[in-house]
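Please view the sequence and the model together before reading on.

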Amino acid sequence: MITSLANERIKAIRKLQDRKARQESGLFYVEGLRIVGAMAEQAGGRSAAIETLVVAPDLLKSDFGRQLVAAQQSRGVPVMEVSSEVFQRISLKEGPQGIAAVVRQRWTPLEAVQLDEQSGVWVALDSVADPGNLGTILRTLDAVGGQGVILLDQSTDPYDPSAVRASMGALFSLTLVKASLAEFASYKRKRGWTVVGTSDKARTDYHKYRYPQPLIVLMGSERQGLQEQHLALCDEVVSIPMLGKSDSLNLAVATAVVLYEILNQRRDQK
């Protein structure tokens, strides 16, 4: 059992709070019964994605948690036991539950993206800055049965602790892609992808547009929205009506409004 914060393995875990360390190592940190359980369930036979389970026996009171640890051990996943004091110092939560994991990131190259002809919905995000927004978009996309997210240019990290927490496990069931705008534009033309964007200046109401299958919903940054170079890639641009004094919606909320409109149209067609 590790009882010192000076332990090199503990130092490495604490560094995963920083994006640079996550990028260099290809790892990230998750914590809590629900999210570690969701990750293990999605990993299924690919449990090698879990590099190490971190367990504080004195804090792990849940039978589900103990069973989860035993199941992962039986699959060959290393388990690192730490004291409750050490776990509390590396914890990012109030009232830590005594279970966490160091996990291998999963990225898919843009050239491998395949849109499901029957129900494929993707979201492409330009320079999204808030990891909480990104995590919420991941959670919503998973809820409507979407396939994945394409992060363009300088977007925030989906493996940031705030994004992981906000995704509520959806991070592990979606495909994640990083690409430049130029790469995205090239593959859009090559593959014939349909891209729908949003803008408050668009004349087409988001509710009246008939969304084709499959498609990619392109959303802009929180601060600037979609710029001219993004709008030029769109096959259609829709607007969400604003009837009060506010002139815009939160990025995650706006994305959810459009995604659920797509879902409802497909449900009506069935």
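## Overall form

The structure is a predicted model. Its chain contains ten helices and eleven strands. The radius of gyration is 20 Å, close to the 18 Å that the globule rule gives for 270 residues, so the chain is as compact as a globular protein of that length. Along the principal axes, the C-alpha trace spans about 60 × 35 × 35 Å.

Of the 270 residues, 51% count as buried. The accessible surface of the chain amounts to about 13500 Å², and carbon and sulfur atoms account for 45% of that surface.

One cavity of 30 Å³ or more is present in the structure. The largest cavity holds about 40 Å³ of space.

The lining of the largest cavity is formed by Ile13, Arg14, Leu16, Gln17, Tyr29, Ile90, Leu92 and Pro161.

Thr140 belongs to helix H6, which covers residues 131-143. Thr140 has a relative accessible area of 12% and is classed as buried because this value is under 20%. When its neighbours within four places in sequence are left aside, Thr140 is in contact with Ala256, Leu259 and Tyr260.

## Backbone geometry in the loops

A cis peptide bond links Gln213 to Pro214, with omega near -15°. Pro214 is placed in the loop between strand E9 (204-205) and strand E10 (215-219).

Two residues other than glycine are noted here for a positive phi. Ser127 has a phi of about 50° and is situated in the loop between strand E5 (121-126) and H6. With a relative accessible area of 25%, Ser127 is partly exposed. Met168 likewise has a positive phi, near 50°, and lies in the loop between helix H7 (161-167) and strand E7 (175-179). The relative accessibility of Met168 is 32%, so this residue counts as partly exposed.

Note on methods: Residues numbered from 1 in each chain as written. Predicted model: local features only at pLDDT ≥ 70, side-chain atom pairs only at ≥ 80, totals over all residues. Heavy atoms only, no water. 1 Å grid on protein atoms, 1.4 Å probe; cavity = no way out; pocket = protein on both sides within 12 Å on 5 of 7 lines; lining within 4 Å. Points joined across faces, edges and corners; volume = space filled by probe spheres on them. Helix = DSSP H or I, 4+ residues; strand = E, 2+ residues; numbered from the N terminus. Buried < 20%, exposed > 50% of the residue type's maximum accessible area, 1.4 Å probe, protein only. Contact = heavy atoms within 4.5 Å. Rg over C-alpha atoms; globule rule 2.2 N^0.38 Å. Areas by Shrake-Rupley, 256 points an atom, 1.4 Å probe, with all protein chains shown as cover.
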